[in-house]
Amino acid sequence: MNILTTEDARFIDREVPKQLGVSLEILMENAGRGIVDALWGQYDLFSLDNARSINSFVLFICGTGNNGADGLVAARHLMEQGVPVQIVLVGDTSKCSDLFALQLERCEAMGCIIDMYDEFNDWSNVAVAVEGIMGTGLTGKLRDLTVDVLHDIDTMRSQYNFDLWAIDVPAGLDATTGQIAEGTLAYDYTVTFGAIKQGLLLYPGKAVGGIAVVAPLGAPWQKVLGDRDITVTIDSNLAEKLINYRIPMAHKGVNGNALIIGGSNDMIGAPILAAEAAVHSGAGKVTLGVPEVIKPVVQGRIIPEVMVTSTEAHKAMLEGRQVVAMGPGLGRTSDIPDFVDSILDSYEGPLVLDADALYALGHVGSVDKDALRDGEIESIYAVERDLPYCVMTPHLGEFSRLIDLPIKWIERHYITLAREFAKKHQVVLVLKGIPSVVALPDGTVYVNTIGNAGMGSGGMGDVLTGVIAGFISQGYSLQDSAVLGVYVHSRSADILNDTKAWGYTPSDVSTSLGCVISELLGE
Ligand SMILES: NC(=O)C1=CN([C@@H]2O[C@H](COP(=O)(O)OP(=O)(O)OC[C@H]3O[C@@H](n4cnc5c(N)ncnc54)[C@H](O)[C@@H]3O)[C@@H](O)[C@H]2O)[C@H](O)CC1
Ligand SMILES: [K+]
């Protein structure tokens with residue numbers, strides 16, 4: 001499923017009429033109709049009953065831009081259907097958009113009940129409120145007047161207990177970054193147009209949008225996006241397309257030979273988790289390379305399917321592998337950067353870099369904060385160190401070190417930074433956060449839509465690394481392995497979450513991977 005940013009939505013507004021001959025007014029008509037369909041999907045609008053009166057109605061709270069105009073269209077459709085509606089207007093109607101003026105004229109001609117916000121006081125009869133104060137047209141902080149209106153809505157909702165819907169995005173939510181302005185409310189539902197807005201998938205936006213319903217615009221807007229970078233959701237539909245059946249005669253030689261490199265005196269758990277996850281994801285043969293000193297302990301702890309070797313003999317260790325994943329538990333001692341470099345120099349096959357291997361790389365590039373602020377995408381990121389084509393799986397802290405930028409900035413410009421990094425370095429970046437994203441060298445970004453709070457525990461990332469390596473060893477491309485790995489890992493955790501809340505471990509996620517694979521194969 002596609003994901004749209006504010007810029008994409010504006011581009012669609014501009015280009016669909018030009019290239020496809022479908023006017024903005026028609027798109028708006030479909031958007032308004034989509035709001036109505038979404039409301040019907042949730043309530044029997046013919047017997048609206050807010051438990052207080054039989055005079056209840058659907059209230060549309062409309063700003064004077066096209067977001068408000070969508071609300072006016074929806075109100076008109078509901079009037080035709082005989083559903084009681086009222087409209088309140090927020091803002092200066094003398095400064096409205098052209099389409100708002102047109103839709104308002106229509107609602108007035110039909111005798112719809114329309115009040116200015118200050119005149120409205122019939123909150124006790126509101127059954128459902130639909131907010132169209134603003135959508136993708138938000139600029140800067142919310143103006144005081146808007147904050148006051150939103151505050152009133154919130155107070156009235158607590159008092160009268162009606163559901164609150166947002167048109168396209170909640171007023172105050174940045175539809176691209178998911179950041180929210182002070183005063184933004186939390187909603188029960190958001191009806192968003194064409195495709196889900198990126199800001200509804202990123203925190204804190206994801207937490208305030210409620211249940212998202214996508215309403216079609218009535219024209220194949222995908223056709224006009226051309227070579228714009230695309231963003232897509234990671235969900236079961238995508239994963240089902242990526243997973244392959246195994247041929248019946250597949251043997252361990254066909255299913256790949258994976259090497260995991262990691263471990264140090266203080267950390268033996270991380271590489272064990274990664275190697276075991278590679279086994280559970282279906283790799284034919286898995287070897288774990290650890291420093292000689294910890295080899296006996298590791299051998300005593302790990303499942304017997306994994307062979308353990310010593311990293312001291314590293315040339316021989318690399319031979320015949322379909323994938324090498326390096327980093328879990330490697331440590332941060334002064335010898336590690338040279339060790340990581342020597343592996344990068346001597347191994348030319350598919351590579352996954354995680355954890356301390358990423359730390360060992362240090363800064364690999366830098367961010368121009370001004371360009372980031374101004375959205376000058378091309379000049380945001382400068383490469384300082386070339387990297388081999390590989391999958392990199394940093395969490396926010398590790399990414400912060402790689403690009404030399406505080407986490408706060410990364411959180412605010414999550415997808416832009418992931419995309420620029422993957423494009424400029426030509427690597428597959430799995431940025432592990434909430435949500436995790438996978439950015440590809442061609443600029444496509446996949447955003448994870450599943451997973452749960454139980455995944456926030458030590459070792460979960462090591463399992464993901466092992467899963468991705470496991471898929472690569474079985475012949476999946478680096479990018480498919482990253483996307484499929486993120487899905488399977490989160491889905492396994494979701495299955496466990498159903499019965500164990502957060503009381504499950506990374507090892508449990510690893511051992512349940514097979515359930516997800518069989519679910520994807522429809523077995
Ligand atoms: N392609 C699509 O997805 C379509 C979307 N539609 C709808 O159009 C809006 C975007 O409309 P636009 O006129 O560009 O802007 P808005 O109505 O969202 O906002 C303008 C409105 O908001 C006021 N405003 C802006 N910033 C602030 C602020 N910081 N504080 C207070 N008020 C602010 C501004 O003054 C204007 O009054 C999109 O979301 C969809 O709902 C089309 O209908 C169909 C195609
Ligand atoms: K809105």
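Which residue in β7 is the bridge partner of Ala166? In this predicted model, Thr190 is the residue of β7 that bridges to Ala166. That bridge belongs to the pairing of β6 with strand β7 (residues 189-193), which is parallel and has three bridges.

**The sheet around it**

Let's zoom out. β6 and β7 sit in an open sheet of seven strands, ordered β4-β3-β2-β5-β6-β7-β9, with parallel pairing. The edges are taken by β4 (113-116) and β9 (211-215); each has a single partner strand, so one side of each has no neighbour in the sheet. On average, neighbouring strands here are turned by 20° against each other, ignoring direction.

Now for β2. This strand is mostly covered, with six of its six residues buried. Phe57, Leu59 and Ile61 point one way from the strand, while Val58, Phe60 and Cys62 point the other way.

Helix α3 lies across β2 (57-62), β3 (85-89), β5, β6 and β7, and runs at about 160° to β2.

An unreviewed UniProt entry places a "binding site" feature at Asn67. Two of them, Glu131 in strand β5 (residues 126-132) and Ile167 in strand β6 (residues 163-167), link distant parts of the chain, 36 residues apart.

Are Asn67, Glu131 and Ile167 buried or exposed? Asn67 is buried, with a relative accessible area of 8%. Glu131 also counts as buried, at 0%, and so does Ile167, at 1%. Leaving out residues up to four places away in sequence, Asn67 touches Glu131, Gly132, Ile133, Met134, Gly135, Ile167 and Asp168.

| Residue(s) | Feature | Angle |
|---|---|---|
| Tyr203 and Pro204 | cis peptide bond | omega about 5° |
| Ile434 and Pro435 | cis peptide bond | omega about 0° |
| Asn161 | positive phi, not glycine | phi near 60° |
| Gln426 | positive phi, not glycine | phi near 55° |

Where do they sit? Pro204 is in the loop between β8 (196-197) and α6 (205-208), and Pro435 is in the loop between β19 (428-431) and β20 (437-439). Asn161 is in the loop between α5 (144-160) and β6. Gln426 is in the loop between α16 (414-425) and β19. As for accessibility, Asn161 is exposed, with a relative accessible area of 68%, whereas Gln426 counts as partly exposed at 43%.

**The C-terminal part and the cores**

UniProt (unreviewed entry) places the feature "domain: YjeF C-terminal" at residues 235-520. Over residues 235-520 the chain is 46% helix and 15% strand, and the end C-alpha atoms are 11 Å apart.

Next, the cores. The largest nonpolar core has 60 residues, and Ile260, Leu288, Val391, Val438 and Leu484 touch the most other members. Helix α18 (residues 478-500) gives the most to this core, with nine residues. Apart from it lies another core, of 56 residues, including Ile261, Met326, Ile343 and Val427.

Which residues is Val391 in contact with, leaving aside neighbours within four places in sequence? Val391 is in contact with Leu351, Val352, Leu353, Val428, Val430, Ile468, Ile472, Leu478 and Ala482.

Definitions and conventions
Residues are numbered from 1 along each chain as its sequence is written. Chains are lettered from A and ligands numbered from 1 in the order in which they are written. This is a predicted model: local features need pLDDT of at least 70, side-chain atom pairs count only at pLDDT 80 or more; totals for chains, interfaces and linings use all residues. Side-chain values use heavy atoms; hydrogens and water are left out. A nonpolar core is a set of buried Ala, Val, Leu, Ile, Met, Phe, Trp, Tyr and Cys residues joined through side-chain atoms within 4.5 Å. Buried means under 20% relative accessible area, exposed over 50%, partly exposed in between (1.4 Å probe, protein chains only). Helices (H or I, at least four residues) and strands (E, at least two) are DSSP runs, numbered from the N terminus. Contact means heavy atoms within 4.5 Å. UniProt positions are given in the numbering used here, feature names are shortened, and annotations may be inferred rather than shown by experiment. Two strands pair if DSSP finds at least two bridges between them. Axes are lines fitted to C-alpha atoms, for helices over the stretch in contact, and angles run from 0 to 180 degrees between N-to-C directions.
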